[in-house]
Amino acid sequence: GVLLCGSVAIAAMFVNILFSAVLIGYMLFTTAYTFILKRYSTADVVALSLLYTVRILAGAAATELAPSPWLLSYSLFFFLSLAYMKRYIELAAIDTDAGDEKLPSRNYYASEINLVLTFGISNGALSVLTLAQYVNSAAVTQSYATPYLLWLIVPIMMFWTYRSWTWASRGKIGDDPVVFALEDPISRNCVLIILAIILTAHSVDIPWSFS
């Protein structure tokens with residue numbers, strides 16, 4: 001309790017009131033998830049995706065920069081896909097010989113694994129679609145010297161998303177998809193390539209025609 005109150009006070013004094021308000025909202029939301037929302041199917045994974053997105057809002061509040069609707073939309077779909085992946089991994093670990101077992105403290109049953117798989121892959125695809133729409137938006141044209149280079153990010157994210165789900169189906173992800181993404185060498189290389197593409201597109205003006 002002391003640490004929570006202290007963090008809110010420090011945020012208000014040394015950052016700004018808006019960041020402090022987002023921090024309070026995050027703490028209330030994560031508490032609601034811990035004691036209530038995680039017990040309900042669908043509500044739990046939506047709450048997880050929102051919690052990750054609130055962290056983006058906190059960063060926007062701290063830096064006093066308006067968050068991009070594209071980024072928020074992408075975050076919701078992307079982290080919802082990862083949340084469903086975590087539930088899929090947990091369901092895949094259930095002994096099917098024991099019948100239609102229920103996950104401990106979760107409202108998911110072994111028979112729902114294909115439904116969870118469908119929801120997870122669908123939201124992963126929606127995140128890639130959102131990224132593609134952003135790359136084709138006017139905001140990109142105004143902000144980048146060579147905006148068409150950003151299209152290279154789309155197939156990379158398609159590769160990463162579907163590879164991750166393939167590995168989840170093979171039981172190679174582990175308990176937490178986020179930890180897997182941080183520790184997996186291929187995932188880290190994808191991040192480095194994407195960062196290089198973004199920096200190049202932002203700073204280097206490459207003409208479409210080289211004639």
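Trp-70 counts as partly exposed because its relative accessibility is 29%, where buried means under 20% relative accessible area, exposed over 50% and partly exposed in between, with a 1.4 Å probe and protein chains only. The model is a predicted one, in which local features need pLDDT of at least 70 and side-chain atom pairs count only at pLDDT 80 or more, whereas totals for chains, interfaces and linings use all residues. Residues are numbered from 1 along each chain as its sequence is written, and side-chain values use heavy atoms, with hydrogens and water left out.

The structure holds 8 aromatic pairs, defined as rings of Phe, Tyr and Trp (its six-membered ring) with centres within 6.5 Å, planes under 30 degrees apart being stacked, over 60 edge-to-face and the rest tilted. In one of them, Trp-70 and Tyr-134 have ring centres 6.1 Å apart and planes at 55 degrees, so the pair is tilted; Trp-70 lies in helix 4 and Tyr-134 in helix 5, 64 residues apart, helices being DSSP runs (H or I) of at least four residues, numbered from the N terminus. Tyr-134 is likewise partly exposed, at 21% relative accessible area.

A tilted pair is also formed by Phe-78 and Trp-160, with 5.7 Å from centre to centre and 35 degrees between the planes, and it links helix 4 to helix 7 across 82 residues.

How values were computed: Helix = DSSP H or I, 4+ residues; strand = E, 2+ residues; numbered from the N terminus.
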